[in-house]
Amino acid sequence: MKDNRFINSLPEPFFVDSVKNSKLALYRFPHYSSIYPPVIMTHGTFSNASICQELAKFLNKEGFDCWIYEWSGHGRSEFGDLTPNAEDYALCDVPTVIKAVQAETKQKKCIWVAHSGGGFLPLMYMARDLNRQKEFKALVTLGSQTTGAGKTFSQKFSIILVRLITRLFGQMPGPLFGLGPENERMGFMPQWCRWNWAGKWLGYDKFDYLEAMKKITIPVLCIAGGGDKIAPPGGCHALFSALGSPNKKFKLFSKKNGSAEDYNHPRLIASQNSQNEIWPVILEFLKLNGKTGTHHEME
C-alpha cells in the first residue's frame, strides 16, 4: 500500500549555476528565526529531493531552516555539459550549494544531513582542504559508505553486473532495475564500483580519502540499517571508524538492536518507522551539536 505522506510535495526550487552550464535545484523549507545554522539535505544515487522532503519538514517544524540540494541531472537539476563523477559532485556542486545557502541566510556555517552517497560528498570536499571544516557545524549520514559493498562473492557479482549494464546503456537505469526514480550516468557508477570492489576509497589522482578521514574532526552521526544491502552496516562503520572526530556516534538500526525492523536503504530515511525511531535521534544530535552563538553568525 502506498504511503501518501511521501508523495512529492516539494516547494518550488530556485536554481544556482554550477560547472559546465549545469544548474542545481535548491528547495527551501524556511525558518527565518532559527537559532541553528541552515540544514543542507541531499539524496544519493538513483534518487532525488523527494526522499528528503518529509525529514526536512520534520526538522523545519523543530526550528531548523532546511534546504534540499538536488544533484546535477536529478529531479529538476540539469547536467548541462557535465558528465559527473563523485568528485565532481563533491568538489564542484557542494561548494556551489554552500555558497548559495550562505548568501541567502547570511550564516557562515551549515549542518549537512544526507542519505547514501549524499553523505560522503561533504567528507570528500573537506578531505581535499581541511580548512573547509569551518563551513560545517555538524554532519549526519544515513546509509553512507564507500568500501563495504564488495566483500562477498554475491556483492562482487553485483558489481560486475552494474559495470556491464552501465557500459551497455551508457548509464545505470535506476527505474528499469527498481533502484530508484533516477538514472546514473557513466561518471559516478564505475567510480563507486571500483571503490567497493577494491575496498579502497581513492580519487582518480590516487588521493586516499579514507586516510584523510582521520583529520575530519567536526561532530558526526553515522546511521546504518540492519537490512541495507546497498550500504551494508560494515561499510558504514568503516567510514565512521576512519573519522578523527572526538564527537562522533554510530547507530545501527536493526531488530537485534531493538528496532522495529532491519531497515533497508530507502526506509532508513523515509518510512513510518524511521519517523518514529530514527528522526528523533537525528533531531537530538542536531540540537546538541548545531546551535550557534548568534542567529546571524556572518553579520
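The legends below describe close-up views of a predicted model.

**View 1. Confidence along the predicted chain.** The average pLDDT of the protein is 93, and 95% of the residues score at least 70.

**View 2. The open sheet of eight strands.** Its strands follow the order β1-β2-β4-β3-β5-β6-β9-β10, and the pairing is mixed. At the edges are β1 (14-17) and β10 (248-253), each of which pairs on one side only. On average, neighbouring strands of the sheet are turned by 20° against each other, direction ignored. Strands of a sheet pair through backbone hydrogen bonds, either parallel or antiparallel. The parallel sense is found between β5 (residues 110-115) and β6 (residues 136-142), which share six bridges. Within this pair, Cys-110 has Phe-136 of β6 as its bridge partner.

**View 3. Strand β4 and its two neighbours.** β4 pairs with β2 in the antiparallel sense over five bridges, and Tyr-27 is bridged to Ile-68 of β4. β3 runs parallel to β4, joined by four bridges, and here the bridge partner of Thr-42 is Tyr-69. Because five of the five residues of β4 are buried, the strand is largely enclosed by the rest of the structure. In a regular strand the side chains alternate between the two faces of the sheet. In β4, Cys-66, Ile-68 and Glu-70 point one way, while Trp-67 and Tyr-69 point the other way.

**View 4. Helix α1 against the sheet.** Helix α1 (residues 53-61) lies across β2 (23-29), β3 (39-42), β4 (66-70) and β5. The helix runs at about 160° to β4. Together, β3, α1 and β4 form a β-α-β unit that is right-handed.

**View 5. The largest nonpolar core and a second one.** In soluble globular proteins, nonpolar side chains tend to be buried together. The largest nonpolar core of this model holds 51 residues. Those with the most contacts inside this core are Tyr-69, Trp-112, Leu-121, Leu-123, Met-124, Trp-201 and Met-213. Helix α2 (residues 86-105) supplies the largest share, eight residues. A second, separate core has 34 residues, including Leu-10, Ile-68, Phe-253 and Leu-283.

**View 6. The surroundings of Met-124.** Leaving aside residues up to four places away in sequence, Met-124 touches Ala-86, Glu-87, Ala-90, Leu-91, Trp-195, Trp-201 and Tyr-209. Among these, Trp-201 is also listed with Met-124 for having the most contacts inside the largest core.

Notes
Residues numbered from 1 in each chain as written. Predicted model: local features only at pLDDT ≥ 70, side-chain atom pairs only at ≥ 80, totals over all residues. Heavy atoms only, no water. pLDDT = per-residue confidence, 0-100. Pairing = 2+ DSSP bridges. Axes fitted to C-alpha atoms, helices over the stretch in contact; angles between N-to-C directions. Contact = heavy atoms within 4.5 Å. Core = buried A, V, L, I, M, F, W, Y, C linked by side-chain atoms within 4.5 Å. Buried < 20%, exposed > 50% of the residue type's maximum accessible area, 1.4 Å probe, protein only. Right-handed = clockwise from strand over helix to strand, strands pointing away.
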